[in-house]
Amino acid sequence: WVIFVTVLVLGGLQFSHGFYIQAKAMLSQFLLDSAWKDMLEEGSLVKTWPWADTWPVGKLSLPEYNVDLIVLAGASGHNLAFGPGHLDGTPLPGQPGNSLISAHRDTHFRFLKSVTRGDVVQAQDVGGVVHDYRVTNMHIVDSRKPITLPISDKSMLTLVTCYPFDAVLPGGPMRYIVVAEE
C-alpha cells in the first residue's frame, strides 16, 4: 500500500504541476490582452500587473489556428512563463529587420508544429497597425552551435521554440525556427 499511495501522490503532483503551468499561461494572456488594449487606447506603456518587469510590445495572431498572443518585452525564462517574449536588440514587429520572438513549445508556441509554408502570421505593433507576414521557412537547429538569423531590410519575424514538441523533459538543445516575411 505504501508504494501504491506514493506512486498515486507523485502522479497527482506531476499532473497538478502540468495543469498549473497550462492554467498560468492561459490566464496570463487574458491579463496581457487587457494591458495591451489599455496601452493602445492610452498610447503609453502599461504594465500587466504592478510588480511586472515587462510589458506588452506586440500581438501575434494566426487566424487559421485560432491563435492570439500578446508578446512581452524581453525573452527571459521568467517572461516566457507568461507569454511569448521579444528578444532585446532585435526590431519590434512591424519595423524593418528581423524581429525574434520565442515562447515555450508546450504552451504558447505549441501551434508551431502545425504551421506550414504560406501561412499568414499577423503582428500588431504598438501603434495598433497590423502587419501581415507569410511563413517562408521552418527548420530545426542545435542551439549549442552558432545560430545566424537572416538579416533583411524588410520586416521579418523569426519565431523560436524548443524541439521536439512532444519531448518529455523540458528544454534541450534543439530549437524549431519559423521564419515569416512581410
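First, the ground rules. The model is predicted, so local features need pLDDT of at least 70, side-chain atom pairs count only at pLDDT 80 or more, and totals for chains, interfaces and linings use all residues. Residues are numbered from 1 along each chain as its sequence is written, and side-chain values use heavy atoms, leaving out hydrogens and water.

Now the barrel. Eight strands close into it, in the order 1-2-3-4-7-8-6-5, with mixed pairing. Strands here are DSSP runs of E, at least two residues, numbered from the N terminus. Two strands pair if DSSP finds at least two bridges between them.

Take strand 8, residues 174-181. Strand 6 pairs with strand 8 in the antiparallel sense over eight bridges. There, Arg 175 is the bridge partner of Val 141. Strand 7, residues 155-162, also pairs antiparallel with strand 8, over seven bridges. Met 156 stands opposite Glu 181.

Next, strands 3 and 4. Residues 85-86 and 97-102 pair in the antiparallel sense over two bridges. Gly 85 has Ser 102 as its bridge partner.

On to the aspartate. Where is Asp 125? Asp 125 sits in the loop between strand 5 (120-124) and strand 6 (130-142). Asp 125 is buried (under 20% relative accessible area, 1.4 Å probe, protein chains only). Asp 125 has no salt bridge (a side-chain nitrogen of Lys or Arg within 4 Å of a carboxyl oxygen of Asp or Glu). The nearest side chain of opposite charge, Lys 59, is 12 Å away. What lies 2.9 Å from a polar atom of the Asp 125 side chain? The backbone nitrogen of Gly 127.

Methods
Helix = DSSP H or I, 4+ residues; strand = E, 2+ residues; numbered from the N terminus. Buried < 20%, exposed > 50% of the residue type's maximum accessible area, 1.4 Å probe, protein only. Lys, Arg positive; Asp, Glu negative; His and termini not counted. Polar contact = N/O pair within 3.5 Å; in protein donor to acceptor, adjacent residues only side chain to side chain.
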